[in-house]
Amino acid sequence: MSKRIYLSPSNQRNNTYATGGTNEMAQCDKIAKATETALKRCGFEVKVGKSGDTMQNRCNESDNFKADIHMPIHTNAYNGKVTGGTRIFCLNSNGRKACQAVLNELGKISPGTADSITYQTGLYEINVPKALTVYVECEFHDTKTGADWIRNNTSKIGEAICKGLCSYFGVTYKSATSTVSSKKVLDSQGYKKGQNSDGVLAIKELLLLAKSLKIHNQGMDENGGFGDGTEKAVNGLLKKWGYEPNGIAGDNFIKKLTAGIKKKI
Ligand SMILES: [Zn+2]
(Lines give C-alpha, C1' and ligand atoms only; values in the text may rest on other atoms or scores of the structure.)
Protein backbone atom coordinates (compact mmCIF):
# COMPACT_ATOMS: atom_id res chain seq x y z
CA MET A 1 0.00 0.00 0.00
CA SER A 2 1.33 3.41 -0.85
CA LYS A 3 2.40 5.69 1.98
CA ARG A 4 0.55 8.89 2.76
CA ILE A 5 2.28 12.20 3.22
CA TYR A 6 0.50 15.28 4.52
CA LEU A 7 2.27 18.54 3.59
CA SER A 8 1.61 21.60 5.71
CA PRO A 9 3.30 24.65 4.16
CA SER A 10 3.87 27.64 6.46
CA ASN A 11 1.06 30.21 6.67
CA GLN A 12 3.47 32.94 7.83
CA ARG A 13 2.88 35.60 5.20
CA ASN A 14 4.37 38.28 7.46
CA ASN A 15 7.81 36.68 7.48
CA THR A 16 9.40 38.62 4.64
CA TYR A 17 12.35 37.49 2.57
CA ALA A 18 15.62 39.40 2.31
CA THR A 19 15.20 39.50 -1.48
CA GLY A 20 12.46 39.14 -4.07
CA GLY A 21 9.69 40.99 -2.21
CA THR A 22 8.20 37.69 -1.13
CA ASN A 23 7.40 35.87 2.11
CA GLU A 24 7.58 32.53 3.85
CA MET A 25 4.01 31.50 3.03
CA ALA A 26 4.34 32.18 -0.70
CA GLN A 27 7.60 30.26 -1.02
CA CYS A 28 6.54 27.36 1.20
CA ASP A 29 3.36 26.94 -0.88
CA LYS A 30 5.63 26.60 -3.93
CA ILE A 31 7.91 24.11 -2.20
CA ALA A 32 4.89 22.06 -1.08
CA LYS A 33 3.56 22.01 -4.66
CA ALA A 34 6.93 20.81 -5.97
CA THR A 35 7.17 18.18 -3.22
CA GLU A 36 3.64 16.97 -4.02
CA THR A 37 4.47 16.61 -7.73
CA ALA A 38 7.63 14.63 -6.98
CA LEU A 39 6.01 12.39 -4.36
CA LYS A 40 2.99 11.56 -6.52
CA ARG A 41 5.33 10.69 -9.40
CA CYS A 42 7.05 8.23 -7.05
CA GLY A 43 3.78 6.60 -6.02
CA PHE A 44 2.95 8.31 -2.71
CA GLU A 45 -0.48 9.56 -1.76
CA VAL A 46 -0.23 13.24 -0.92
CA LYS A 47 -2.45 15.88 0.58
CA VAL A 48 -1.40 19.53 0.81
CA GLY A 49 -2.98 21.91 3.31
CA LYS A 50 -4.89 24.85 1.84
CA SER A 51 -2.74 27.97 1.51
CA GLY A 52 -2.78 30.09 4.68
CA ASP A 53 -4.88 27.64 6.70
CA THR A 54 -4.46 27.25 10.48
CA MET A 55 -2.32 24.55 12.06
CA GLN A 56 -5.40 23.23 13.87
CA ASN A 57 -7.16 22.56 10.56
CA ARG A 58 -4.00 21.13 9.07
CA CYS A 59 -3.59 18.64 11.92
CA ASN A 60 -7.24 17.53 11.68
CA GLU A 61 -6.88 17.04 7.95
CA SER A 62 -3.67 15.11 8.42
CA ASP A 63 -5.33 12.75 10.91
CA ASN A 64 -8.40 12.26 8.71
CA PHE A 65 -6.11 11.52 5.77
CA LYS A 66 -4.41 8.87 7.95
CA ALA A 67 -1.03 10.29 7.09
CA ASP A 68 2.10 8.25 7.73
CA ILE A 69 4.19 11.41 7.81
CA HIS A 70 3.02 14.89 8.75
CA MET A 71 5.40 17.40 7.21
CA PRO A 72 5.29 21.12 8.02
CA ILE A 73 7.37 23.03 5.45
CA HIS A 74 8.98 26.26 6.60
CA THR A 75 11.90 28.52 5.87
CA ASN A 76 13.99 29.86 8.71
CA ALA A 77 15.20 33.21 10.03
CA TYR A 78 17.59 34.38 12.71
CA ASN A 79 19.32 37.75 12.68
CA GLY A 80 19.75 38.45 8.99
CA LYS A 81 23.38 37.35 9.08
CA VAL A 82 23.21 33.57 9.23
CA THR A 83 22.60 31.31 6.24
CA GLY A 84 22.36 28.32 8.51
CA GLY A 85 21.38 25.44 6.25
CA THR A 86 18.68 22.81 6.68
CA ARG A 87 17.16 22.34 10.12
CA ILE A 88 14.76 19.50 10.80
CA PHE A 89 12.69 18.96 13.94
CA CYS A 90 10.93 15.92 15.34
CA LEU A 91 9.42 14.94 18.67
CA ASN A 92 11.90 12.29 19.73
CA SER A 93 14.08 9.45 18.51
CA ASN A 94 11.08 7.83 16.75
CA GLY A 95 11.12 10.49 14.07
CA ARG A 96 14.85 10.79 13.79
CA LYS A 97 15.39 8.26 10.99
CA ALA A 98 12.89 9.99 8.71
CA CYS A 99 14.39 13.39 9.53
CA GLN A 100 17.88 12.08 8.79
CA ALA A 101 16.77 10.71 5.41
CA VAL A 102 15.39 14.13 4.42
CA LEU A 103 18.40 15.95 5.85
CA ASN A 104 20.76 13.76 3.82
CA GLU A 105 19.21 15.07 0.59
CA LEU A 106 18.19 18.63 1.45
CA GLY A 107 21.28 19.40 3.53
CA LYS A 108 23.41 18.45 0.54
CA ILE A 109 21.93 21.22 -1.63
CA SER A 110 21.10 24.03 0.81
CA PRO A 111 23.92 26.62 0.86
CA GLY A 112 24.28 26.85 4.65
CA THR A 113 26.37 24.13 6.23
CA ALA A 114 25.17 24.01 9.84
CA ASP A 115 22.50 21.40 9.07
CA SER A 116 20.94 19.72 12.08
CA ILE A 117 18.14 17.61 13.53
CA THR A 118 16.68 18.63 16.89
CA TYR A 119 13.95 17.34 19.18
CA GLN A 120 11.26 20.00 19.66
CA THR A 121 8.63 19.00 22.16
CA GLY A 122 6.83 22.35 22.26
CA LEU A 123 5.59 22.69 18.69
CA TYR A 124 1.87 22.16 18.00
CA GLU A 125 2.38 20.46 14.64
CA ILE A 126 4.85 18.06 16.21
CA ASN A 127 2.77 17.18 19.25
CA VAL A 128 -0.74 17.02 17.84
CA PRO A 129 -0.76 14.98 14.61
CA LYS A 130 -1.15 11.23 14.94
CA ALA A 131 1.44 10.76 12.22
CA LEU A 132 5.16 11.01 12.75
CA THR A 133 6.14 14.63 12.17
CA VAL A 134 9.11 15.66 10.06
CA TYR A 135 9.24 19.43 10.46
CA VAL A 136 11.42 20.90 7.72
CA GLU A 137 13.05 24.33 7.88
CA CYS A 138 14.55 24.72 4.40
CA GLU A 139 17.37 27.25 4.74
CA PHE A 140 17.23 30.82 6.16
CA HIS A 141 15.25 33.43 4.25
CA ASP A 142 16.55 36.56 6.03
CA THR A 143 19.91 36.63 4.24
CA LYS A 144 20.42 37.47 0.57
CA THR A 145 22.18 34.14 -0.06
CA GLY A 146 19.44 32.14 1.62
CA ALA A 147 16.49 34.03 0.13
CA ASP A 148 17.93 33.97 -3.40
CA TRP A 149 18.64 30.28 -3.15
CA ILE A 150 15.19 29.33 -1.87
CA ARG A 151 13.36 31.46 -4.43
CA ASN A 152 15.36 29.98 -7.32
CA ASN A 153 15.25 26.38 -6.17
CA THR A 154 11.75 25.55 -4.95
CA SER A 155 11.52 22.64 -7.44
CA LYS A 156 14.92 21.27 -6.44
CA ILE A 157 13.95 21.53 -2.77
CA GLY A 158 10.76 19.56 -3.44
CA GLU A 159 12.72 16.88 -5.29
CA ALA A 160 15.25 16.64 -2.45
CA ILE A 161 12.51 16.24 0.19
CA CYS A 162 10.95 13.55 -2.00
CA LYS A 163 14.27 11.73 -2.43
CA GLY A 164 14.67 11.70 1.34
CA LEU A 165 11.20 10.24 1.92
CA CYS A 166 11.76 7.68 -0.85
CA SER A 167 14.92 6.51 0.86
CA TYR A 168 13.19 6.38 4.26
CA PHE A 169 10.33 4.23 2.92
CA GLY A 170 12.52 2.15 0.58
CA VAL A 171 10.74 3.48 -2.51
CA THR A 172 12.62 4.02 -5.80
CA TYR A 173 12.93 7.72 -6.58
CA LYS A 174 11.88 8.67 -10.10
CA SER A 175 13.04 12.00 -11.48
CA ALA A 176 10.87 13.99 -13.90
CA THR A 177 13.15 13.03 -16.81
CA SER A 178 13.21 9.33 -15.96
CA THR A 179 9.43 9.36 -16.32
CA VAL A 180 9.68 10.89 -19.78
CA SER A 181 12.27 8.40 -21.00
CA SER A 182 10.38 5.46 -19.50
CA LYS A 183 7.59 6.09 -22.00
CA LYS A 184 6.83 2.75 -23.61
CA VAL A 185 8.68 1.68 -26.71
CA LEU A 186 6.58 0.23 -29.55
CA ASP A 187 9.44 -1.55 -31.33
CA SER A 188 12.99 -1.84 -30.12
CA GLN A 189 14.04 -3.53 -33.35
CA GLY A 190 13.10 -2.82 -36.93
CA TYR A 191 13.83 -0.53 -39.85
CA LYS A 192 15.54 2.76 -39.11
CA LYS A 193 17.30 5.73 -40.64
CA GLY A 194 20.18 4.91 -43.00
CA GLN A 195 18.78 1.59 -44.18
CA ASN A 196 17.83 0.80 -47.73
CA SER A 197 16.08 -2.46 -48.62
CA ASP A 198 12.86 -3.86 -50.01
CA GLY A 199 11.48 -3.79 -46.48
CA VAL A 200 12.22 -0.05 -46.23
CA LEU A 201 10.55 0.50 -49.58
CA ALA A 202 7.44 -1.33 -48.33
CA ILE A 203 7.31 0.88 -45.24
CA LYS A 204 7.66 4.02 -47.33
CA GLU A 205 4.79 2.87 -49.54
CA LEU A 206 2.65 2.24 -46.47
CA LEU A 207 3.53 5.70 -45.13
CA LEU A 208 2.70 7.29 -48.48
CA LEU A 209 -0.67 5.56 -48.53
CA ALA A 210 -1.24 6.70 -44.93
CA LYS A 211 -0.40 10.24 -45.96
CA SER A 212 -2.93 10.16 -48.79
CA LEU A 213 -5.51 9.04 -46.18
CA LYS A 214 -4.49 11.96 -43.95
CA ILE A 215 -3.21 9.70 -41.16
CA HIS A 216 -0.10 11.92 -41.14
CA ASN A 217 1.17 14.76 -43.30
CA GLN A 218 4.91 14.17 -43.54
CA GLY A 219 6.41 13.87 -47.05
CA MET A 220 8.68 10.90 -47.80
CA ASP A 221 12.31 10.95 -48.88
CA GLU A 222 12.39 10.89 -52.67
CA ASN A 223 15.14 8.33 -52.73
CA GLY A 224 17.96 7.08 -50.53
CA GLY A 225 15.86 4.63 -48.56
CA PHE A 226 15.01 5.43 -44.93
CA GLY A 227 15.99 9.10 -44.59
CA ASP A 228 15.03 12.12 -42.50
CA GLY A 229 11.53 12.42 -43.97
CA THR A 230 10.72 8.79 -43.28
CA GLU A 231 12.06 9.08 -39.75
CA LYS A 232 9.96 12.19 -39.13
CA ALA A 233 6.86 10.37 -40.33
CA VAL A 234 7.60 7.35 -38.13
CA ASN A 235 8.31 9.48 -35.05
CA GLY A 236 5.25 11.66 -35.65
CA LEU A 237 3.04 8.57 -35.62
CA LEU A 238 4.77 7.05 -32.59
CA LYS A 239 4.22 10.28 -30.64
CA LYS A 240 0.60 10.45 -31.76
CA TRP A 241 0.07 6.90 -30.53
CA GLY A 242 1.74 7.68 -27.17
CA TYR A 243 5.02 5.85 -27.69
CA GLU A 244 8.65 6.87 -27.37
CA PRO A 245 9.65 8.41 -30.75
CA ASN A 246 12.70 6.20 -31.22
CA GLY A 247 12.71 6.30 -35.05
CA ILE A 248 12.18 2.55 -35.38
CA ALA A 249 9.56 0.99 -37.62
CA GLY A 250 9.31 -2.67 -36.63
CA ASP A 251 6.62 -5.35 -36.74
CA ASN A 252 4.35 -3.58 -34.23
CA PHE A 253 4.64 -0.30 -36.10
CA ILE A 254 3.68 -1.95 -39.39
CA LYS A 255 0.73 -3.76 -37.75
CA LYS A 256 -0.57 -0.58 -36.17
CA LEU A 257 -0.16 1.50 -39.32
CA THR A 258 -1.82 -1.18 -41.47
CA ALA A 259 -4.74 -1.35 -39.04
CA GLY A 260 -5.07 2.43 -39.22
CA ILE A 261 -5.09 2.37 -43.00
CA LYS A 262 -7.69 -0.43 -43.14
CA LYS A 263 -10.01 1.61 -40.97
CA LYS A 264 -9.86 4.48 -43.48
CA ILE A 265 -10.43 2.49 -46.68
ZN1 LIG B 1 8.08 29.32 9.73
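## Where helices H1 and H6 meet

H1 and H6 cross each other in a right-handed way (a crossing is right-handed if the near helix is turned clockwise from the far one by less than a right angle, and left-handed if anticlockwise). Helices here are DSSP runs of H or I with at least four residues, strands are runs of E with at least two, and both are numbered from the N terminus. H1 covers residues 24–41 and H6 covers residues 154–169; their axes come within 7 Å and cross at roughly 50°, which makes H1 oblique to H6. Axes are lines fitted to C-alpha atoms, for helices over the stretch in contact, and angles run from 0 to 180 degrees between N-to-C directions. Angles under 35 degrees count as roughly parallel, over 145 as roughly antiparallel, 65 to 115 as roughly perpendicular and the rest as oblique.

On the H1 side, the contact includes Gln27, Lys30, Ile31 and Ala34, and on the H6 side Thr154, Ser155, Ile157 and Gly158 are among the partners. Two residues are in contact if their C-beta atoms, placed from the backbone, lie within 7 Å. Sorted by class, the contact of H1 with H6 has eight nonpolar, six polar and two charged residues. For these classes, Ala, Val, Leu, Ile, Met, Phe, Trp, Tyr, Cys and Pro count as nonpolar, Asp, Glu, Lys and Arg as charged, and the others, Gly among them, as polar.

## About the model

This is a predicted model, in which local features need pLDDT of at least 70 and side-chain atom pairs count only at pLDDT 80 or more, while totals for chains, interfaces and linings use all residues. Residues are numbered from 1 along each chain as its sequence is written.

## H6 and its other partner, H3

H6 also packs with helix H3 (residues 93–109), at an angle of about 145° and with the axes 8 Å apart. H3 passes H6 in a right-handed crossing. From H3, residues such as Ala98, Ala101, Val102 and Leu106 take part, and they meet a set in H6 that includes Ile157, Ala160, Ile161 and Leu165. By class, the contact of H3 with H6 has ten nonpolar, three polar and four charged residues.

Not counting residues up to four places away in sequence, Ile157 touches Ile31, Ala34, Leu106 and Cys138. Leu106 is 51 residues from Ile157 along the chain, yet their C-alpha atoms are separated by 6.6 Å.

## The nonpolar cores

A nonpolar core is a set of buried Ala, Val, Leu, Ile, Met, Phe, Trp, Tyr and Cys residues joined through C-beta atoms within 7 Å. The largest one here has 44 residues, and Ile5, Ile88, Val102, Val134, Val136 and Leu165 have the most contacts inside it. H6 gives the most to this core, with seven residues.

Leaving aside neighbours within four places in sequence, Ile88 is in contact with Cys99, Val102, Leu103, Ile117, Val134, Tyr135, Val136 and Glu137.

Helix H8 (residues 198–212) holds Leu209. The axes of H8 and helix H10 (residues 251–264) come within 10 Å and cross at roughly 35°, and this crossing is left-handed. Ile203, Leu206, Leu209 and Ala210 of H8 make the contact with Ile254, Leu257, Thr258, Gly260 and Ile261 of H10. These residues divide into seven nonpolar, two polar and no charged.

Leu209 counts as partly exposed, with 15 C-beta neighbours inside 10 Å. Leu209 and Thr258 are 49 residues apart in sequence and 9.8 Å apart in space, C-alpha to C-alpha. In the loop between helix H9 (228–240) and H10 you will find Trp241, which is partly exposed too, with 15 other C-beta atoms within 10 Å.

## Two residues with positive phi

Lys66 is not a glycine, but its phi is positive, at about 60°. Lys66 sits in the loop between helix H2 (55–64) and strand S3 (69–76) and counts as exposed, with 11 C-beta neighbours inside 10 Å.

Glu139 is another non-glycine residue with a positive phi, near 65°. Glu139 is found in strand S7 (residues 135–140) and counts as buried, with 26 C-beta neighbours inside 10 Å.

Note on methods
A residue is buried if 20 or more other C-beta atoms lie within 10 Å of its own, exposed if 12 or fewer, and partly exposed in between; C-beta atoms are placed from the backbone.
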